[in-house]
Amino acid sequence: MPDTNARSVTSGPTLLQRVIMPRPADPTAVRALYLDERSGATLSPVEPLPDETSRAITLTVSSTGGRRTRVTSRTTAVVPAQTEVSFGSYFNGFAAGYWRAWSTLTGITLRLDVEGAGRVDVYRTKADGSQIYVGGELVSGRRLVEMDLDLRPFEDGGWFWFDLTTDEGELTLHGGGWHAPVEAPGRAAVAIGMPTFNRPADCVATLTAIGEDPEVLDTVVAVVLPDQGTQKVRDEAGYEQAAAVLGDRLRIVDQPNLGGSGGYARIMYEVLHGTGGSQGIDCEQILYMDDDILLEPDSVLRAVAFSRFSRQPMLVGGQMLSLQARSQLSTMGEVVDRNQFMWRSAPRTENHHDMAEQPLRQSPWLHRRVDVDYNAWWMCLIPKAVAADLGLPLPLFIKWDDAEYGLRARSRGYRTATVPGIAIWHMSFIEKDDSSDWQAYFHYRNRLVAAALHGPDDPKAILRETFKRTLRHLMLMEYSAVALQIKAFTDFLAGPEALFPKLPTALPEIRAVRAEYDDGRPLDSATDVPLADLDALGAQLFPEPPVGRLKAGLGLARGVLRNLRTPNPELRERPQRNVPWRNAQWFVLAGLDSATVSTPDGRGVTFRRRDPAMFKRMVTESLRLHREVDAGWAGLRERYRKALPTLTSRDGWKHVFE
């Protein structure tokens, strides 16, 4: 059979997703995202008893599994003799529940180009993860296996997948894909946008990955890269080779650091309007991606296919896998609590789920369809027509720009789907606490902006929660975080007219404010200050958290009273104790006069000193601002909503870009 058949199963106008294999350099754990080998079965010959006339074959299930499948390319593999491998995996299973909910399709076709001796078996699941055998076929020689599959039983969720099993001979998969019974409507013409700030190596790696995959390259009409840093992508090793492959598709735009929102707004501006008298970009889809990612190129094709087959124009989100632990799914999807107006993981989902430990077939919760309010812009596809209707991102620098855009889209009838199997690897947040560092300003200000636009009529639940955070910061001696919160509230009260002027100046202002406080000036090590006097035993024992509302309330009251007392002056130059970041809880630090606290990434420490005068001043000012926001909420909402068309318009951004 000619090679063109292999291409037909992994390409074409009906393709929804290819069957793909791990990269040669991928760690063993990452293979679990593509192949389920651990829980497979192995067929082993058994010696006959003396009175038997022939050998017998028995099925033995391997308890440890193994790396038996030989991967020969990104789309081909060989299954050795006496082996079973399942493609019921994150990247090769078919998330049927999502296609059932959002697409026009009622059925799909599995196409596999296989050669050798063995069998193909297809399974599906219900939303609770229970497995149902669909059917199978024997393979002898080289042939195209095609199975038509019904999407209608997947209203609440569920997946399709297939297994390959061999007996005495091996079975080669020359290619495979999940296909629609009809050609996709519209065009596959995507403009990829990736703003960057001083991550040239990561950007070159992504540009290279786009250019190395012919199917992806055929789909991409432009790559827009706003370069906002001092370390330029053009100067990075490997850039010239990557740029040569992309040719005139690649557009690098140098601009000042306007944050993620300024970078993503520039991408949409270039696509819709162009700058300097140029025209916009002739495309159908805009695909946002972060600069600090590792790209699975097939995710580009899958996002575009999902968008083209969707019932109505919608945003298509990719999920986030952890770049530090690459077999982990960091988040399944996110929603916004409309009462407290805070983002959170979707209900009944698990964060940092390790597919190497619990594969898809052994994780029932992964089979229920998860609905979301928005998708973070580590990877999110926005149809060009939707962008033209909704306008550009808000000038928020960072934080809440993606969530606000998803909520804005939803308010106009455009939904968002976060689709399993469409994903990138991104730096996990386990080494960050951006609610307390310089980003705290943007968390507070932009949350209020988004709430004014899309939140509740009464802000009391939001303000109760943010004031609790004020007290928590103060108990932790995070005075810089409270100073940034005060600045955020003040700037929010200044109204929408202040957002554009603040875009280029907010970051230096924030850094200047933070540098005034001990917790905003990290040291290299706790050895940079005198060591605490605690013995080795005492230094490793910490209070238990108060359990129950009564005990927590009493603990909080004691903490407040202690923060009003004069600290021991001897502990101003010498920390009372050294506190690891994981133990830096309010009920620990509220009982101390000073402490060194390690940073979340473990690269340094902050030397924090309790200051009663600062505590009183900050509580008073924070409370005043909370009351002012509460009293003026109705008028603030009206101002921000009236300003939204200007803040997201071509003319609104034009003076920034041109």
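1. Gln82 is placed in the loop that joins strand S5 (77-79) to strand S6 (84-86); strands here are DSSP runs of E of at least two residues, helices are runs of H or I of at least four, and both are numbered from the N terminus. The phi of Gln82 is near 60°, a positive value in a residue other than glycine. Most residues other than glycine have a negative phi. With a relative accessibility of 23%, Gln82 counts as partly exposed, a class lying between buried (under 20% relative accessible area) and exposed (over 50%), for a 1.4 Å probe and protein chains only.

2. On the basis of the note: this is a predicted model, in which local features need pLDDT of at least 70 and side-chain atom pairs count only at pLDDT 80 or more, whereas totals for chains, interfaces and linings use all residues. Residues are numbered from 1 along each chain as its sequence is written, and side-chain values use heavy atoms, with hydrogens and water left out.

3. A second residue with positive phi is Trp400, at a value near 75°. Trp400 belongs to the loop between helix H9 (384-390) and helix H10 (401-411). Its relative accessibility is 0%, so Trp400 counts as buried.

4. Turning to the chain as a whole, there are 21 helices and 25 strands. The radius of gyration, taken over C-alpha atoms, is 28 Å, close to the 26 Å given for 658 residues by the globule rule, so the chain is as compact as a globular protein of that length. That rule is 2.2 Å times the number of residues to the power 0.38. Along the principal axes, the C-alpha atoms fill a box of roughly 90 × 70 × 50 Å. Of the 658 residues, 57% count as buried. Contact means heavy atoms within 4.5 Å; among contacts between residues at least 6 apart in sequence, 79% join residues at least 24 apart.

5. The axes of helix H12 (residues 460-475) and helix H19 (residues 612-631) come within 11 Å and cross at roughly 170°. Axes are lines fitted to C-alpha atoms, for helices over the stretch in contact, and angles run from 0 to 180 degrees between N-to-C directions. H12 and H19 are therefore roughly antiparallel, the term for angles over 145 degrees. Residues making the contact include Leu463, Phe467 and Leu471 of H12 and Phe615, Met618 and Leu623 of H19. By class, the contact of H12 with H19 has 9 nonpolar, 4 polar and 2 charged residues. Nonpolar covers Ala, Val, Leu, Ile, Met, Phe, Trp, Tyr, Cys and Pro, charged covers Asp, Glu, Lys and Arg, and the others, Gly among them, are polar.

6. Helix H7 (residues 259-272) and helix H21 (residues 650-657) have axes that come within 11 Å and cross at roughly 110°. This makes H7 roughly perpendicular to H21, a term for angles of 65 to 115 degrees. Ser261, Gly262, Ala265, Arg266 and Tyr269 in H7 meet Arg650, Trp653, Lys654 and Phe657 in H21. The contact of H7 with H21 has 4 nonpolar, 2 polar and 3 charged residues.

7. Ile286 lies in strand S14 (residues 285-289) and, at 0% relative accessibility, counts as buried. Beyond its neighbours within four places in sequence, Ile286 has contacts that include Ala191, Ile267, Met268 and Val271. Ile286 and Ala385 are 99 residues apart in sequence and 9.7 Å apart in space, C-alpha to C-alpha.

Methods. Angles under 35 degrees count as roughly parallel, over 145 as roughly antiparallel, 65 to 115 as roughly perpendicular and the rest as oblique.
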